[in-house]
Amino acid sequence: MLKSRLRAWLRGFFTGGFMKAMLRAALAAVLAVAALAAQAADKVKVGYIALPSHAPSFIAKEKGYYAAEGLDAELVPFQAAQAMAVAIASGDIDFGVTAVSGGLLNLAARGDAVRIFGGALEEADGVPGHKILASKAAFDGGLQSPMELDGKRFAITTQGSSFEYMGAQIAAKVEAKVKTVALNNMPAIAAALQAGKVDVAVAQPGIAADLVAKGAAVEIGKVVDFLPGYQVTVLFTGTKLAQEKPGQMAAFKRAFAKGAADYNAALVDKSLDAAATEAVIAAIHKYVYVDRSAEEASRLIREGAMLVSPEARLNRDDVRKQIGWFKAQKLVPDTLDINALLAD
């Protein structure tokens, strides 16, 4: 009799209102913890330009690497690197990827604007990188090697740009004097090459492949042969964030590095299987070549692949070299403190 009453009581305990209340309380606790975790995520804005070179940020967002580091990342599009740098300096966005340029360094010279804290694209032996292109007309006229650059018209985007830096370094290595022609952007450079209005330019591998395929230009060299270890782009943030939130800066760098590892494995080392590679390309395609078919975007993304610095390591020596050149050309103030600029 006693056993039967006990069994009945236990059955009521586990099936009745008390147990349901316990389950509801447990569920509420789980939801509360999840809500607190969501509230604890730091909201950050990450600037990008719709180019494959910004792919690690896209991958980190789509694969949850930012979220795993406690960052609620909003990706903010920009049309130009200088506008992104200004937004970083003003605090409108938190992180970005850009080339070392006169515009960036002049902001840095203020002392309270920007900090560089990691590496992104780099030139390395044995992997795709920037190509040196001659217009078809210049090639047919004898410009078939960088050794014949003397006196030629070298297209750049703007004064103080990474394109001017690359052109100057290549010309110096072959002891040539070139005439720089500023054309503002890469589409204008491509059009000028095709029309024969300039003789030579450098271009990322995807753009170079397209121009060569169209017969608009001829590849005559590789930038890496003249600038080995060149740190093409860097991670940067605002000075205030670097000083007040170093943990957040480190979290961003870790997440970006995971995205870079996936990018390199899929498109540079090509060590991922086909399905994993397509997943990486699909993540990039959400932000790049969005008006192209998946098939065409995949081709363009593959052709445009360049090495991203493993673990987002910054080549400090190369960045110092670049800054030294900008100072020597009087494009940035001599007072720029290189040590203060590098937060890596």
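Guide: The account below begins with the core and then turns to its helices, loops and individual residues.

The structure is a predicted model, in which local features need pLDDT of at least 70, side-chain atom pairs count only at pLDDT 80 or more, and totals for chains, interfaces and linings use all residues. Residues are numbered from 1 along each chain as its sequence is written, and side-chain values use heavy atoms, with hydrogens and water left out.

The largest nonpolar core contains 107 residues, and those with the most contacts inside it are Tyr66, Phe252, Phe256, Tyr263 and Ile284. Such a core is a set of buried Ala, Val, Leu, Ile, Met, Phe, Trp, Tyr and Cys residues joined through side-chain atoms within 4.5 Å. Here buried means under 20% relative accessible area, exposed means over 50%, and partly exposed lies in between (1.4 Å probe, protein chains only). Helix α12 (residues 246-268) supplies the largest share of this core, 11 residues. Helices (H or I, at least four residues) and strands (E, at least two) are DSSP runs, numbered from the N terminus. Because domain 1 (42-124 + 230-341) and domain 2 (131-226) both give residues to the core, it lies between them; the domain bounds come from an automatic or database domain assignment.

Phenylalanine 252 is in contact (heavy atoms within 4.5 Å) with Val46, Ser57, Tyr66, Leu71, Phe95, Phe117 and Leu235, leaving aside its neighbours within four places in sequence.

Two packed helices are described by the angle between their axes and the distance between the axes. For α12 and helix α13 (residues 274-285), the angle is about 115° and the axes are 9 Å apart. The axes are lines fitted to C-alpha atoms, for helices over the stretch in contact, and angles run from 0 to 180 degrees between N-to-C directions. Asp262, Tyr263, Ala266 and Leu267 of α12 meet Thr277, Val280, Ile281 and Ile284 of α13. The buried residues of α14, namely Ala297, Ser298, Leu300 and Ile301, pack against α12 and α13.

Most residues other than glycine have a negative phi. Lysine 270, in the loop between α12 and α13, has a positive phi near 55° and counts as exposed at 63% relative accessibility. Alanine 312 likewise has a positive phi near 55°; its place is the loop between α14 (294-303) and α15 (316-328). Alanine 312 is buried, with a relative accessible area of 0%.

Isoleucine 93 belongs to the loop between α5 (81-90) and β3 and is buried, at 4% relative accessible area. Isoleucine 93 and valine 46 are 47 residues apart in sequence, and their C-alpha atoms are 6.2 Å apart in space. Apart from neighbours within four places in sequence, isoleucine 93 contacts Lys45, Gly47, Val76, Phe78, Met84, Ala87 and Ile88. Strand β3 (residues 95-99) holds threonine 98, which is buried with a relative accessible area of 5%. Not counting residues up to four places away in sequence, threonine 98 touches Ala81, Leu104, Val232, Thr233, Val234 and Phe236.

Finally, glutamine 169 lies in helix α8 (residues 162-173) and counts as buried at 13% relative accessibility. Leaving aside neighbours within four places in sequence, glutamine 169 is in contact with Leu227, Lys321 and Trp325.
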